[in-house]
Amino acid sequence: MEEGSCKRQCEPWRVLEFYSGIGGMRYSIMKAGVNAMIVEAFDINDVANDVYEYNFGHRPCQGNIQTLSAADLDSYRAQAWLLSPPCQPYTRQGLQKGSADARASSFLKILELIPKSSQPPLMIFVENVVGFETSDTHSIMIEMLAKAAFVTQEFILSPLQFGVPYSRPRYFCLAKRKPSSFQCPLFNNQLLWAPGPLLDNDANNMVNECNQPQESYDQWLPACLPVENFLEFKNPTNQVETSSSLKLPTIVSIEVSEGDEGNGSDFTSASQYFVPLSLIKRWGAAMDIVYPDSKRCCCFTKSYYRYVKGTGSLLATVQPKTESKASSLEEQHLRYFTPREVANLHSFPKDFRFPPQISIRQRYALLGNSLSVAVVAPLLGYLFAEPS
Ligand SMILES: C[S@@+](CC[C@H](N)C(=O)[O-])C[C@H]1O[C@@H](n2cnc3c(N)ncnc32)[C@H](O)[C@@H]1O
């Protein structure tokens, strides 16, 4: 019998979650419906660990992943490793130092443990930013995985390809140790740009579609839900306004009433989400503004709310008759998406909560580091599936 096949039928897969943050990987494996248990999670950030513990009732192992030994990992008898290492060494905004960046070292150290382990994993899943696939860390990873008898399939996918109006393309590596194999071995050792093999289609028809880098995601937009579906508070003045008849938005209708704090809302005061006029005047031209009926918003980074330029979209709470600059930004009463709304766009479940002591900035920072469950769940479903 193939190694692991009885485990799959009789017991849940034993999974380690490295760089666990607020648990995006854990939510994704739950959403995928994989029969799996997270036997341990690891993260150095105590604020992230507070959030993780609050939601899952288990505090991740707090410390530097770099200090883990092969014997430590063997003790968990895990069959799968899920890893979302720091992305700063590979981001376009960063210095792109790759493996020369100290923040890359813990990931390389973990990979080095694979051949030293007496029980290496059968499956590995890695998430990172676009740019990782051309880094030297990527070359080292692929070489190490090949040496350890893993076959890989790689993807660059965005939530826009899964009906979510959210542009967040990310790199993913799925690896299975031989003799385990993928459901569509046709895509072994390839980088794919479309979710073809994750869908229940004939693989041969998907080859061309998947192998082409996406020049634009526009073709996916018609199938996306509008941004409105992800808002915790619908716009008070969502009706069309002309600038001459423009009223102030009814701010009171997006305030939480007393006692609503526990319902998952992150609103403590509506006013803190409106973008100050001084910022609109200074940075208005550089802001990405979306409307409730928009089918796309920009990636929320960990600096959202601290900076307005390039950190994520802002929502117009007063929708102009035409979406032209004729209606000035000031009249559109721009507000930030709330942390709950960012979590919705990350497809986190409704019962996900932040502990009350976590500040708004910390919430955005943690969410900005996290991932799209809508994308990762089908990838994990595909990774854990056995070929029929
Ligand atoms: C890209 S985020 C991953 C977030 C996670 N996937 C989620 O859903 O929230 C990287 C995480 O790795 C943690 N981290 C970075 N370097 C680490 C290290 N050397 N040891 C342990 N954790 C580390 C950070 O605290 C951060 O939470």
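Arg296 and Asp218 form a salt bridge, in which the closest N and O atoms are 2.8 Å apart; the term denotes a side-chain nitrogen of Lys or Arg within 4 Å of a carboxyl oxygen of Asp or Glu. This pair links distant parts of the chain, with Arg296 in the loop between β10 (289-290) and β11 (314-316) and Asp218, 78 residues apart from it, in the loop between α7 (207-211) and β9 (237-241). Helices (H or I, at least four residues) and strands (E, at least two) are DSSP runs, numbered from the N terminus. The model is a predicted one, in which local features need pLDDT of at least 70 and side-chain atom pairs count only at pLDDT 80 or more, while totals for chains, interfaces and linings use all residues. Residues are numbered from 1 along each chain as its sequence is written, and side-chain values use heavy atoms, with hydrogens and water left out.

Arg296 is partly exposed, at a relative accessible area of 28%, and Asp218 is likewise partly exposed, at 44%. Here buried means under 20% relative accessible area, exposed over 50%, and partly exposed in between (1.4 Å probe, protein chains only). Salt bridges that share partners also join Asp50, Glu53 and Arg59 into one network. Arg59 is partly exposed at 29%, and Glu53 is partly exposed at 35%.

A further salt bridge pairs Glu143 with Lys147, with 3.8 Å between the closest N and O atoms. Both residues belong to helix α6 (residues 136-147), where Glu143 and Lys147 are four residues apart, about one turn of the helix. Glu143 is partly exposed at 49%, whereas Lys147 is exposed at 72%. By the rule stated above, the count comes to five salt bridges.

The ligand is surrounded by 19 residues, each having a heavy atom within 4 Å of it. The closest are Gly24, Asp43, Asn64, Ser84 and Ser370. The shell divides into seven nonpolar, eleven polar and one charged residue. In this grouping Ala, Val, Leu, Ile, Met, Phe, Trp, Tyr, Cys and Pro count as nonpolar, Asp, Glu, Lys and Arg as charged, and the others, Gly among them, as polar.

An oxygen atom of the ligand lies 2.9 Å from a polar backbone atom of Gly24. A ligand nitrogen is 3.1 Å from a polar backbone atom of Ile44, and a ligand nitrogen is 2.7 Å from an N or O atom in the side chain of Ser84. The protein covers 90% of the 600 Å² of accessible area that the ligand has on its own, as computed by the Shrake-Rupley method with a 1.4 Å probe.

Technical notes:
Polar contact = N/O pair within 3.5 Å; in protein donor to acceptor, adjacent residues only side chain to side chain.
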